[in-house]
Amino acid sequence: MNWLALIPHFCLNCSKPCEPIDLCTKCRENLPWTLETFACEPYESATSLFDYRNPVDTWIKQLKFSRKLYIAKLVGLLLSEQLERDWEAIVAIPLHKKRLRQRGYNQAEEIAQFVAQALKLPLIKPCIRIKSTQRQTDLNKNDRETNMFEAFECEHIEFCNKLLIIDDVASTGSTLSEFGQALKQQNPDVQLDAWVIAHGFDRKN
Ligand SMILES: [Zn+2]
């Protein structure tokens, strides 16, 4: 028996009872869905699940800064519902170890873990973040690119030609882009697709 199934669920947005994904049908329909693709080198495709606005912007902030890890499960499941099992493995954008120590977890990895579980794909960690970068949200577009330059170091991945890269938020896309380039440096033949939970161009959040 799955005992977890006996625990009542309540909508995280309006608190009405619901199941099983912690979001009632109405709130779910009213989410800022976009499923919009955006150009981001060197990815074959880069897509966002939501626009970065209410309630998703609040969720992301709570996940990142208030340890509300159940949000990772919620958005991870909402994302995996949109995906087919098209890849061989999943990679989350890593945090620098300094930031990881401060926060205690990597929110992108927390999300990716649920996607990996749902799609029955391995979550692999072929890269590390070698530069402790300034928060991207504090910078303008050009400074963001400079800030992210050579921020990651990746290793060669055996027997893997198609990867799904996951991050929580893309603003200008410079983090995603730099990460993809670092992966490609060691794995020139790998095909990369990216999905982010929310996309908000040039918004100071
Ligand atoms: Zn609701």
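1. A residue is buried here if 20 or more other C-beta atoms lie within 10 Å of its own. By that cut-off, five of the seven residues of strand 4 are buried, so strand 4 is largely enclosed by the rest of the structure. The structure is a predicted model, and the points below should be read as comments on that model.

2. Strand 4 covers residues 45-51 and runs parallel to strand 9, with six bridges joining the two. Two of the facing pairs can be named. Thr47 stands opposite Trp195 in strand 9, and Ser48 stands opposite Val196 in strand 9.

3. Strand 4 also pairs with strand 3 (residues 33-37), here in the antiparallel sense and over three bridges. The bridge partner of Thr37 in strand 4 is Thr47.

4. How many residues of strand 9 are buried? Seven of the nine are, which leaves strand 9 (residues 191-199) mostly covered. Besides its pairing with strand 4, strand 9 pairs with strand 8 (residues 162-170), in the parallel sense and over eight bridges. In that pairing Val169 stands opposite Ala198 of strand 9.

5. For anyone checking side-chain directions along these strands, one general point applies. In a regular strand the side chains alternate between the two faces of the sheet.

6. Together with helix 7 (residues 174-186) they make a β-α-β unit, and the unit is right-handed.

7. Helix 7 has a helical neighbour, helix 6 (residues 141-148); the two pack at an angle of about 30°, with their axes 9 Å apart. Angles under 35 degrees count as roughly parallel, so helix 6 is roughly parallel to helix 7. The contact is made by Arg144, Glu145 and Met148 on the side of helix 6, and by Ser174, Thr175 and Glu178 on the side of helix 7. The crossing of the two helices is right-handed.

8. Where does Ser15 lie? Ser15 is in the loop between strand 1 (9-10) and strand 2 (17-18). Its phi is near 70°, a positive value in a residue other than glycine. A residue counts as exposed if 12 or fewer other C-beta atoms lie within 10 Å; Ser15 has 10, so Ser15 is exposed.

9. Lys120 is another residue with positive phi, about 55°, although it is not a glycine. Lys120 lies in the loop between helix 5 (107-119) and strand 6 (127-129). Is Lys120 buried or exposed? With 7 other C-beta atoms within 10 Å, Lys120 is exposed.

Technical notes:
Residues are numbered from 1 along each chain as its sequence is written. This is a predicted model: local features need pLDDT of at least 70, side-chain atom pairs count only at pLDDT 80 or more; totals for chains, interfaces and linings use all residues. Helices (H or I, at least four residues) and strands (E, at least two) are DSSP runs, numbered from the N terminus. Two strands pair if DSSP finds at least two bridges between them. A crossover is right-handed if, with the strands pointing away from the viewer, the path from the first strand over the helix to the second runs clockwise. Axes are lines fitted to C-alpha atoms, for helices over the stretch in contact, and angles run from 0 to 180 degrees between N-to-C directions. Angles under 35 degrees count as roughly parallel, over 145 as roughly antiparallel, 65 to 115 as roughly perpendicular and the rest as oblique. A crossing is left-handed if the near helix is turned anticlockwise from the far one by less than a right angle, and right-handed if clockwise. Two residues are in contact if their C-beta atoms, placed from the backbone, lie within 7 Å.
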